[in-house]
Amino acid sequence: MELWEDYYGLLQVHPQAGPEVIQSAYKRLCRMVHPDVNPDPEAAKTMQRINRAYETLSNGNERRRYHAEWTRRNGADTPRVEVRERVIYINREERDAGAPEAAAAVRGYFDLLRKRDYRGAYALVSDADKSCFGYGAYVEWQESVGALYEVGGTRLKLFKRYSAFKTNAGTKLPAEEYTVYLSEKDKVTGRVSEYTLTKYAVRESGGWRVYLGYRDLTPLKLHFKAMASNPKEARLLTLWEKHKAYNDLDMGLPNRLGLEEALEREIYRHKRYARPFSLGLFSVALPGHVSDEGLRERVMKYAGYVISSAVRCIDSAAWLDEGVFAVLLAETNKADAAMAIRRISKTVRHDVSACFDFDAGITAGAAGYSGQSTQALIDACMHSLSAAAAAPPGSVKVRAQ
C-alpha cells in the first residue's frame with residue numbers, strides 16, 4: 001500500500017469500533033464535511049477520502065485486510081504514541097470556546113473519568129440521560145471501558161450551538177456541541193493514541209450537564225466486556241451480529257436493512273460522482289398446486305440463487321419479503337435497467353421451470369434514482385410491481401417507473 005492513510009483516524013473512530021459506530025461516524029462527518037454544507041475549498045477532496053475510508057471499514061473482508069496492514073504499520077506489540085489526523089471543518093477557522101460553564105462540564109467529565117471517579121462523572125450526566133439509564137448501569141459500563149483503556153488529557157473546541165436541541169427523552173434544551181480531542185492509552189498494547197469524538201453539553205434547570213445520548217447501555221457493556229475477555233472473539237462477534245442484522249440467513253441474501261445500506265452507499269456515490277443507478281424488484285409467484293411449504297421454500301431459495309448469479313459483480317441482490325427480491329443495478333439508467341430486469345426475469349423463469357418442472361410467474365418493476373430518498377426509491381419500485389397485473393404461471397411482466 002504505497003498511498004497509505006489511517007482510515008480509523010480519518011473517520012475518528014477507535015480501531016476496535018463496531019460497524020454501528022463506524023456508520024454513525026461516517027454519517028456525522030458527511031453532515032459536517034460534504035461540499036453541499038461546507039464551503040471549505042478542500043471539502044470535496046476530504047469527502048472523497050472519507051468515502052474511501054467508509055467503503056473499506058464497512059466491508060468485512062476489506063476491513064480485515066486493512067486492519068492487518070494497520071496493525072503491522074502501527075506495531076501493535078510496541079508501546080508508542082500515535083497522533084491521528086484530524087479533519088478541520090468549516091473554513092478551517094478557530095471557533096470561540098463557547099459558554100465557560102458548558103466547556104467546564106465537558107472538561108470536568110473527562111477529568112473525572114481519568115480519575116475513575118464514576119460517581120462524580122455520573123453527577124455531571126444530564127437528567128435526560130438519567131431518565132434512560134441508572135447509576136449502576138453507568139458504572140458497569142465505565143468499569144468495562146476502564147479495564148481496556150486509560151483516559152489521558154483532553155482538548156475542546158466548540159463546533160455548534162443549539163437553541164433547542166432534542167434529547168432522547170423528548171425534551172428540547174439549549175446545547176453546545178464540542179469536538180473533543182482525547183488522549184487514550186490501550187492497556188493491552190501500551191499504545192497511546194489521540195482521537196476525536198463529539199460530545200454535547202445541555203443546559204438544564206441545575207446548570208450545564210454532559211449529554212451522552214444513549215437509550216440503553218446494555219449493548220455497550222456487553223461489547224467492552226467481551227473485548228476485555230477476548231478481543232479477537234469480540235471483533236468476530238461484532239461482525240457476526242452485523243451480518244445477522246443485515247442478511248437473511250435462510251435465503252443467503254441481504255435483507256431489507258442490507259439493501260437500504262447498499263442504497264445509501266450508492267446514493268452518496270451518485271451525489272459525489274453523478275453516477276446513475278437503478279433498483280429492480282421481482283415478485284415470484286408459484287402455481288396454486290404447489291402447497292408444500294418445504295418445496296416453496298426450496299423454490300424461493302433457488303430463485304434467489306439464480307437472481308444473484310445473473311447480476312454483474314458491481315450489482316447486488318437482496319430478499320425483501322415473501323416472494324419479493326431486489327437488485328441494485330449500479331451504473332445503470334432506467335431504460336437499461338428495464339432491459340436487465342427483463343433478462344433476469346426470463347432467466348429465473350427458465351431455470352425454475354427446468355429444475356422443478358413447473359412454471360413460475362414473474363412480475364418485475366424497475367425505477368431509476370432521481371434524487372429521492374432510499375425509502376421513496378423502494379416505494380417507486382413497489383408501485384411499479386402493484387401496477388403490473390398478477391402474472392399467471394409461465395409469464396413475465398415488467399414495469400419501469
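Which residues in α3 meet which residues in α4?

**View 1. Contact of helices α3 and α4 in a predicted model.** Glu55, Thr56 and Leu57 in α3 meet Glu62, Arg63 and Tyr66 in α4, contact being heavy atoms within 4.5 Å. The residues of this contact divide into two nonpolar, one polar and three charged. The axes of α3 (residues 43-57) and α4 (residues 60-74) come within 6 Å and cross at roughly 105°, and the two helices are therefore roughly perpendicular to each other (65 to 115 degrees). Helices are DSSP runs of H or I with at least four residues.

**View 2. The aromatic pair of Phe356 and Phe358.** Among the 20 aromatic pairs that the structure holds (ring centres within 6.5 Å), Phe356 and Phe358 form a tilted one, at 6.1 Å centre to centre and with 35° between the planes; planes under 30 degrees apart would count as stacked and over 60 as edge-to-face. Phe356 and Phe358 are buried, that is, under 20% relative accessible area with a 1.4 Å probe.

**View 3. Surroundings of Ser126.** Ser126, in the loop between α6 (118-123) and α7 (127-130), is buried, with a relative accessible area of 0%. Leaving aside neighbours within four places in sequence, Ser126 is in contact with Val202, Glu204, Arg209, Val210 and Tyr211.

**Notes.** Residues are numbered from 1 along each chain as its sequence is written, and side-chain values use heavy atoms, with hydrogens and water left out. Because the model is predicted, local features need pLDDT of at least 70 and side-chain atom pairs count only at pLDDT 80 or more, whereas totals for chains, interfaces and linings use all residues.

How values were computed:
Axes fitted to C-alpha atoms, helices over the stretch in contact; angles between N-to-C directions. Parallel < 35°, antiparallel > 145°, perpendicular 65-115°, else oblique. Nonpolar A, V, L, I, M, F, W, Y, C, P; charged D, E, K, R; others polar. Phe/Tyr/Trp six-rings, centres within 6.5 Å; stacked < 30°, edge-to-face > 60°. Buried < 20%, exposed > 50% of the residue type's maximum accessible area, 1.4 Å probe, protein only.
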